[in-house]
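Reader: I've got the model open and want to go through its geometry with you. Shall we begin with the pocket?

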Amino acid sequence: MAYCYDNLKLDKGMYREAGRSFSQVLEREDPSERYKGTSLEGLDAFQRQLKRFNIKVKGEASDPVEVFFQTSDAAVLFPEYIARTVRQGIEEGDILPSITAAVTRIDGLDYRSITSEAGGEDKKPQTVEEGAEIPATTIKAQANLVKLKKRGRMLVASYEAVRFQKLDLFSVTLRQIGAHIARTHLEDAVDVLIKGDGNTNPAAVTAIETGKILDYNTLVDFWAKFDPYTMNTLLVSGDVMLKLLKLPEFQNPLTGLNFQGTGRLTTPLGANLLRTSVLAEKTAIGLDRRFALEMVRSGDVMVEYDKLIDRQLERAAITTISGFAKVFTKASQVLKTT
């Protein structure tokens, strides 16, 4: 049986289509639906191209970098391989999905989020008498635009230095680049959670009085401040994590069993406990992850494909453009310890 992927013409122009990624262009030209019931089912269009040129990117038998440049068509695949591997590094160990309520993808650089104006009794479902007015929750656009920032790393290496390196090892470096980008995203998210997104919506700060320590009672009082929201996530600095784990309430056997079984730490209050060095010392952020934060992305991982296809790896930029907006201000609060 003849397959379309075997003779698909690849060129740089596939990276230039507005509103479409390279992988989306490949899928349009070589839809995966055609391969249902065949040995190629389960592979996407890019993976089928790797198979076409017999490029192995993983394992001990992985090929050297130079295999991508055996033909001009195969060279076109190199930037997408880099973008995918960097994306994998971003996703590995990324805690943003655990604190983000929604992810919005846009094509431009300008974005205005929405907010809801309702509070106190207005947030509670109420019995409406016949003929009475139904309580309203007003949704409106934020006054200021979300600030999108370009984050990335520069890939600095000569082709001669990496051409004989195995792709499996080269991928380690690319995943590290992704991890660095993920950290900068988290820094941006934490900054917005604490200071707000420019729409006069900083988080409320609860400071433990001088001379007092972080104990379970303090944590319960902080948890109670979230009503009508639920503090289901607690983002803490390393020193705060140590203090919490030494509390008797956190030494409950069920908490230990949950950590051993799932790798996730939870508090006796039911909140997921996440540690990050992005936070300043003596700082914790409690949030209702369902309502606190929106992530805005403009495009995906971007690479300078012209340089990479032409083997000009020296100072090839790998970047992402993203920003964050607060959805409901009171869904995130800060706890300052002593």
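Reader: Which residues lie nearest the centre of the largest pocket?

Author: This is a predicted model, where local features need pLDDT of at least 70, side-chain atom pairs count only at pLDDT 80 or more, and totals for chains, interfaces and linings use all residues. Residues are numbered from 1 along each chain as its sequence is written, and side-chain values use heavy atoms, with hydrogens and water left out. A pocket here is an open set of points on a 1 Å grid over the protein atoms alone, where a 1.4 Å probe fits, with protein on both sides within 12 Å along at least five of seven lines; lining residues have an atom within 4 Å of a point. The largest one has 45 lining residues, and nearest its centre lie Ser-21, Glu-80, Ala-83, Arg-87 and Asp-300.

Reader: Which element gives the most to that lining?

Author: Helices (H or I, at least four residues) and strands (E, at least two) are DSSP runs, numbered from the N terminus. Those giving two or more residues to the lining include H1, H2, helix H4 (78-91) and helix H6 (167-195). With nine residues, the top contributor is H4.

Reader: How do H1 and H2 sit, parallel or perpendicular?

Author: Take axes as lines fitted to C-alpha atoms over the stretch in contact, with angles from 0 to 180 degrees between N-to-C directions. The axes of H1 (residues 22-29) and H2 (residues 45-52) come within 8 Å and cross at roughly 80 degrees. Since 65 to 115 degrees is the range for that label, H1 to H2 counts as roughly perpendicular.

Reader: Which residue forms a salt bridge with Arg-48?

Author: A salt bridge needs a side-chain nitrogen of Lys or Arg within 4 Å of a carboxyl oxygen of Asp or Glu, and the structure holds 20 of them. For Arg-48, the closest N and O atoms are 3.0 Å apart, and the partner is Asp-30.

Reader: Where does Pro-228 lie?

Author: Most peptide bonds are trans. The one from Asp-227 to Pro-228 is cis, with omega near 15 degrees. Pro-228 is in the loop between helix H7 (216-224) and strand E6 (233-236).

Technical notes
Parallel < 35°, antiparallel > 145°, perpendicular 65-115°, else oblique.
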